[in-house]
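Here is a short briefing to read alongside the model on your screen.

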Amino acid sequence: MSALEVGTVVAEKTYAVSRDSLVRYAGASGDFNPIHYRDDVAASVGLPGVLAHGMLTMGTAVQPVVEWLDGAGDDGGVIGWVSDYQVRFTRPVVVDPETGAEIVVTATVARVDPEAGTVRVDLTVASGGQTVLGKAQVVVTLA
Amino acid sequence: MNPELRGRVFPPAPPYLVGREKVREFARATASTSPLSVDVEAARAAGHADLVAPPTFPVVVQEATLAQLLAEPDAGIDFARVVHGEQRFSYSRPVVAGDELTATLTVTAVKALGGNAMVTASSEMVDASGEHVVTAVSTLVVRGDDA
């Protein structure tokens, strides 16, 4: 809890995304748009390749924050929960059939509101050295 | 796109029962390592009634409401031209397994932007007792003919 100061990086993590990840997410989410698993369909609509679901990137990018919340208590316990989460999808994540893609997430405390009992954590989310999500903000309500 | 869509409220989608295995499946698909999403005892020890769904899980429930919008005869939305622009989830409490969520979609904004159109759709989800749980807001960009 002592780490809750603006500017503190609470989590940094890199995730590997493969074509397998996309198929798994399609099944879990119900989003079966073929641009997320078929190269021919992606090419036919002018995309540079098969893309990760934006919602897969959004769902993965918040996990370092959830992981941090789960274990940040003095007793190693939960300190809060995600009560608001928003992103803009600014650039697609192209997933190569052989090498996949990487999603690099950095989570930084941006605002602390003791009265409301909330902390805003901002995410920078990049793939291939370029930012893929904009205005990625997580509001945590402290337990 | 039809600007008169703004303000339109759709009939509630059929209730969605949040299942434990669906929560586990979704958690695994989004690289979650949280014990609260897979281990019922851990979730209960942290004060929850059952497994806690990951923050973006309501997208599964929202799907049915967005399908209503895309199928609206006078909407003029060509699904092949739709790109996801923005997404937000605003919670009153976490979603847990066992929740029966009923989602109601409202079109909150329709805008023209260059040759494109943007539509913002808000799906408000309540539990079986009618209490608000989460609102999922999507902004969809519908690319114009030249884009």
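Read from the N terminus, chain B has the element order β-α-α-α-β-β-β-β, which amounts to three helices and five strands. Please keep in mind that this is a predicted model.

**Chain B overall**

- Along the principal axes, the C-alpha atoms of chain B fill a box of roughly 55 × 30 × 20 Å.
- Chain B has 147 residues, and 38% of them count as buried.
- If you take the contacts in chain B between residues at least 6 apart in sequence, 70% of them join residues at least 24 apart.

**Where the two chains touch**

- The contact involves 26 residues of chain B and 27 residues of chain A.
- On the chain B side, the elements that give two or more residues are helix H1 (20-29), helix H3 (58-71) and strand S2 (82-91).
- Strand S2 of chain B gives the most to this side, with eight residues.
- By class, the chain B side divides into 13 nonpolar, nine polar and four charged residues.

**Strands across the interface**

- Strand S2 of chain A (residues 80-89) and S2(B) run antiparallel and are joined by five bridges.
- For a pair to find on screen, look for A:Gln86, which stands opposite B:Arg88 in S2(B).

**Helices across the interface**

- Two packed helices are described by the angle between their axes and the distance between the axes.
- Helix H1 of chain A (residues 19-29) and H1(B) have axes that come within 9 Å and cross at roughly 150 degrees.
- Angles over 145 degrees count as roughly antiparallel, and H1(A) and H1(B) are therefore roughly antiparallel to each other.
- The crossing of H1(A) and H1(B) is left-handed.
- A:Arg24, A:Tyr25 and A:Ala28 in H1(A) meet B:Glu25, B:Phe26 and B:Ala29 in H1(B).
- Sorted by class, this helix contact has four nonpolar, no polar and two charged residues.

**Strand S4 of chain A: its two faces**

- Which side chains of S4(A) point to the buried face? In this strand, residues 118-127, they are A:Val119, A:Val121, A:Leu123, A:Val125 and A:Ser127.

**Strand S4 of chain A: its partners**

- S4(A) pairs with strand S3 of chain A (residues 101-113) in the antiparallel sense, over nine bridges.
- In that pairing, A:Arg120 is the bridge partner of A:Arg111.
- S3(A) and S4(A) form a hairpin with four residues between them, and A:Gly117 in the turn has a positive phi of about 70 degrees.
- Strand S6 of chain A (residues 133-142) also pairs with S4(A) in the antiparallel sense, over six bridges, and A:Val138 in S6(A) is the bridge partner of A:Val121.
- Strand S5 of chain A (residues 130-131) is antiparallel to S4(A) as well, with two bridges in the pairing; here A:Thr131 is the bridge partner of A:Ala126.
- Two residues lie between S4(A) and S5(A), which form a hairpin, and A:Gly128 in the turn has a positive phi of about 60 degrees.

Definitions and conventions: Residues are numbered from 1 along each chain as its sequence is written. Chains are lettered from A and ligands numbered from 1 in the order in which they are written. This is a predicted model: local features need pLDDT of at least 70, side-chain atom pairs count only at pLDDT 80 or more; totals for chains, interfaces and linings use all residues. A residue is buried if 20 or more other C-beta atoms lie within 10 Å of its own, exposed if 12 or fewer, and partly exposed in between; C-beta atoms are placed from the backbone. Two strands pair if DSSP finds at least two bridges between them. Two residues are in contact if their C-beta atoms, placed from the backbone, lie within 7 Å. Ala, Val, Leu, Ile, Met, Phe, Trp, Tyr, Cys and Pro count as nonpolar, Asp, Glu, Lys and Arg as charged, and the others, Gly among them, as polar. Axes are lines fitted to C-alpha atoms, for helices over the stretch in contact, and angles run from 0 to 180 degrees between N-to-C directions. Angles under 35 degrees count as roughly parallel, over 145 as roughly antiparallel, 65 to 115 as roughly perpendicular and the rest as oblique. A crossing is left-handed if the near helix is turned anticlockwise from the far one by less than a right angle, and right-handed if clockwise.
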